[in-house]
Amino acid sequence: MMYTQQVMDHFMNPRNVGEIENASGVGEVGNAKCGDIMKIYIKVDENDVITDVKFKTFGCGAAIATSSRATEMVMGKSVDEALKITNEMVTESLGGLPPVKLHCSVLAEEALHAAIADYREKHPKA
């Protein structure tokens, strides 16, 4: 199974790993079938902009790479803009994934959406 240079780079040098204390929103998703568990933390400022994002992923190289890339893609974006980022966009920005690993990018999208949903639940618009 061949991974692109971008996938390998994000796997070997993942960006934004860790947790955010008092995160504005946290999303956790898992796929029991493949054993990947992904947790994304976001910090959102008063203008609804994601100022910090971190992830913790237990899983394969593709799961780590897609989590890492997804966090890069949402940093500095508004919550609404971040919601428009799809798993296809994450996969494409990594130069593609093997078909059997596409579900990893779906998990990254779902974890991000879950974190945003958590944020919106905690901070309803007045």
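# Reading the sheet and its helices

Eight bridges join S2 to S3, and these two strands run antiparallel. The model is predicted.

Q: How many strands form the open sheet, and in what order do they stand?

A: The general idea comes before the case. Strands of a sheet pair through backbone hydrogen bonds, either parallel or antiparallel. Here three strands form an open sheet in the order S1-S2-S3, with antiparallel pairing. Strand S1 (25-31) and strand S3 (50-58) are the edge strands, each pairing on one side only. On average, neighbouring strands of this sheet are turned by 15° against each other, direction ignored.

Q: Over how many bridges do S1 and S2 pair, and in what sense?

A: S1 pairs with strand S2 (residues 36-44) over seven bridges, in the antiparallel sense. Glycine 25 has isoleucine 42 in S2 as its bridge partner. Further pairs can be read in the model: glycine 27 stands opposite isoleucine 40 in S2, and glutamate 28 has lysine 39 in S2 as its bridge partner.

Q: What lies between S2 and S3, and which residue in the turn has a positive phi?

A: S2 and S3 form a hairpin, and five residues lie between them. In the turn, aspartate 48 has a positive phi of about 70°.

Q: Which strands does helix H5 lie across?

A: Helix H5 (residues 102-122) lies across S1 and S2. The direction of H5 runs at about 145° to S1.

Q: At what angle do helices H1 and H2 pack, and how far apart are their axes?

A: To read a helix pair, take the angle first, then the distance between axes, then the residues that meet. Helix H1 (residues 5-12) and helix H2 (residues 61-74) pack at about 90°, and their axes are 8 Å apart. Angles of 65 to 115 degrees count as roughly perpendicular, and H1 and H2 are therefore roughly perpendicular to each other. From H1, Val7, His10 and Phe11 meet Gly61, Ile64, Ala65, Ser68, Arg69 and Glu72 in H2. Sorted by class, this contact has four nonpolar, three polar and two charged residues.

Q: Which side chain makes a polar contact with the side chain of serine 67?

A: The side chain of serine 67 makes a polar contact of 2.7 Å with the side chain of threonine 57. Serine 67 is in helix H2, whereas threonine 57 is in strand S3. Serine 67 is buried, at a relative accessible area of 0%. Threonine 57 is also buried, at 18%.

Q: How far apart are threonine 71 and asparagine 16, in sequence and in space?

A: Threonine 71 and asparagine 16 are 55 residues apart in sequence, and their C-alpha atoms are 6.8 Å apart in space. Threonine 71 is found in helix H2 and, at 1% relative accessibility, counts as buried. Not counting residues up to four places away in sequence, threonine 71 touches Arg15, Asn16, Val53, Lys54 and Phe55.

Definitions and conventions. Residues are numbered from 1 along each chain as its sequence is written. This is a predicted model: local features need pLDDT of at least 70, side-chain atom pairs count only at pLDDT 80 or more; totals for chains, interfaces and linings use all residues. Side-chain values use heavy atoms; hydrogens and water are left out. Axes are lines fitted to C-alpha atoms, for helices over the stretch in contact, and angles run from 0 to 180 degrees between N-to-C directions. Helices (H or I, at least four residues) and strands (E, at least two) are DSSP runs, numbered from the N terminus. Angles under 35 degrees count as roughly parallel, over 145 as roughly antiparallel, 65 to 115 as roughly perpendicular and the rest as oblique. Contact means heavy atoms within 4.5 Å. Ala, Val, Leu, Ile, Met, Phe, Trp, Tyr, Cys and Pro count as nonpolar, Asp, Glu, Lys and Arg as charged, and the others, Gly among them, as polar. Two strands pair if DSSP finds at least two bridges between them. Buried means under 20% relative accessible area, exposed over 50%, partly exposed in between (1.4 Å probe, protein chains only). A polar contact is a pair of N or O atoms within 3.5 Å; within protein, one must be able to donate a hydrogen and the other to accept it, and residues adjacent in sequence count only if both atoms are side-chain atoms.
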